[in-house]
Amino acid sequence: MGAFICVHDVLLFPYTRERDFLSFLLSHFDFSLAFYYIFTHLQEKCRIDMPGDDQSMHNYLYYTNRFKNVITVPHRRGSIHVVGYHAARIHENVTKEAEEKGIHDVGSLVKGSGGRWQEWLDTKRYDLLDPHTGLIVNLDGSPSAQVHQVDRFGPLNYQWMKKMIEYNWPYNRSPERGVALFEAEAPPHQPSQKQASSTGDDLVPTHPCLTKKVIPHNFSMKSIRTASHQGRSYNVNLWDDGTYCKLREMMLNTEGFSLHPRTYLVHSPDDADIIVWVSTRGMWEREVPPPNNYSNVVLLDYADGCTLHQSLGQVKHLVGHFKRSFVNRIDGVFKHNCTTDQSVLPFAYSGVQAFINHKINSYKQRKYDVTNMLRNGPSITDKRRKIIVKYTKSFVQKHSLKDGTYFIGNLGSQGANSGFDNRYFEVLANSKIIVTANPAGWEGDFRLWEALLSGALVFVDRMAILDWMPHSFQHKKHLIMYDPMNQTEFENLLEYYVENEAEAEAIGLRGYDHTLAHHMAEDRVSYILNNIESKLKL
């Protein structure tokens with residue numbers, strides 16, 4: 001057994017094959033009563049006045065020799081630099097000072113005297129930064145490999161973070177290049193005009209959230225379209241609202257607006273004919289809407305649930321408002337549309353090229369008769385999806401499917417949300433039938449499109465949004481839509497298509513072709529343009 005490494009509140013465990021993790025811990029640590037003792041006797045000695053403060057637990061276990069084979073790593077000398085405590089104290093002190101002085105720009109109180117954005121903390125007061133780069137460093141002055149709890153600085157490093165994202169994290173690629181770049185303050189590339197003859201090789205993501213390091217290996221920026229679109233071309237800016245990464249949504253829109261023959265992405269909103277604000281409302285209170293000096297703003301609201309965007313009233317020149325999750329569902333059943341406002345249009349996710357299975361095997365060569373990878377752990381609160389997993393398991397048991405001929409369970413964190421786990425896509429590509437379901441309270445997820453572009457026959461619960469998009473999907477022609485409240489119907493449909501493999505394969509391939517032809521990211525751009533062009537002021 002290898003040694004354990006303890007770094008502040010992070011424990012790095014060696015690889016273990018043991019299935020019972022609790023038994024594994026108890027077999028290597030003599031702390032069966034330690035946690036109980038800490039909770040009941042040592043709370044007054046804890047660093048933070050809350051039961052079970054993790055640092056206090058680690059301290060107690062370490063200093064009472066309850067760990068075995070532990071290597072300690074001194075602060076700011078190892079692979080992880082935990083800044084939480086210092087960052088929180090700096091933020092607290094400067095916030096208090098700003099309030100006392102009536103200063104709105106909190107960061108101005110801790111910046112270096114040189115006024116350079118790299119010195120977002122005064123290195124004379126706080127020995128944490130390299131003043132030339134703004135990187136947090138170890139005690140020897142080298143950049144910290146990983147910085148933990150950096151969010152404790154609050155807004156103090158927002159400007160620095162924004163610069164890093166804008167320039168695509170140059171220090172990660174070459175420290176020397178990064179320093180040279182920022183010393184010269186060279187602006188990022190800004191296209192000057194529409195390149196109508198582009199083949200796609202020169203098209204790169206221009207929004208600071210979508211960088212090369214998160215694009216999957218099979219992400220292609222070449223259009224699969226052969227037919228040309230007639231009409232005027234537009235420069236489009238994907239608005240940076242300050243909340244940074246929305247990987248999946250930005251991937252969709254970067255691909256769609258880059259490859260559509262009538263749109264060209266530009267870096268600056270000042271060069272744009274259309275401003276597209278992509279919002280997931282994960283941090284809506286920090287989102288900065290496009291200011292009212294910009295015309296022709298399109299809001300793509302990808303947020304879950306039925307509510308409309310909280311900052312909608314701040315956008316004066318809105319020419320298009322598109323809402324994913326356009327319907328309200330209760331326990332997986334449609335109840336009503338989210339709004340009667342005719343200016344709010346329904347919207348759906350789509351396929352992207354990273355999802356495409358380019359090697360379509362015949363169903364005879366596919367390993368799994370039935371696959372269901374809906375998350376079903378104890379922490380999952382979506383009861384309807386858990387019931388669909390239960391339906392699938394019931395079918396497997398009733399029909400005595402052999403081990404290895406079905407796949408039910410989780411793998412990674414699914415495709416679009418896990419940095420594109422190839423194992424996940426391999427299971428999809430080796431499945432004949434894929435069972436999926438929308439969330440219980442709304443419609444729309446990436447699972448549907450990942451499944452459709454695998455070439456498998458897709459089972460999905462009945463949904464309205466697909467009928468509202470151009471070129472809708474048809475039941476039993478492109479996929480199978482089941483009633484999530486009717487287990488008998490579900491199992492009968494599944495039984496029929498497991499037994500009639502040729503028919504299942506024909507529907508699956510039609511669904512695959514239909515998605516490629518009408519439901520890729522470029523097609524959503526066409527849908528947007530068709531609904532806003534008459535309102536544009538150019």
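Two strands pair if DSSP finds at least two bridges between them; strands (E, at least two residues) are DSSP runs numbered from the N terminus. This is a predicted model, in which local features need pLDDT of at least 70, side-chain atom pairs count only at pLDDT 80 or more, and totals for chains, interfaces and linings use all residues. Residues are numbered from 1 along each chain as its sequence is written, and side-chain values use heavy atoms, with hydrogens and water left out.

Strand 6 (residues 234-238) pairs in the parallel sense with strand 7 (residues 263-265) over 3 bridges, and Asn 235 stands opposite Tyr 264 there. Strand 6 also pairs in the parallel sense with strand 8 (residues 274-279), again over 3 bridges; Val 236 has Ile 274 as its bridge partner in that strand. In a regular strand the side chains alternate between the two faces of the sheet. Tyr 234, Val 236 and Leu 238 point one way from strand 6, while Asn 235 and Asn 237 point the other way. Because 5 of the 5 residues of strand 6 are buried (under 20% relative accessible area, 1.4 Å probe, protein chains only), the strand is largely enclosed by the rest of the structure.

Strand 14 is joined to strand 16 (residues 431-435) by 4 bridges, and Asn 372 stands opposite Val 435.

Tyr 363 is found in the loop between strand 13 (344-346) and strand 14 (368-372). At 0% relative accessibility, Tyr 363 counts as buried.

Conventions
Buried means under 20% relative accessible area, exposed over 50%, partly exposed in between (1.4 Å probe, protein chains only).
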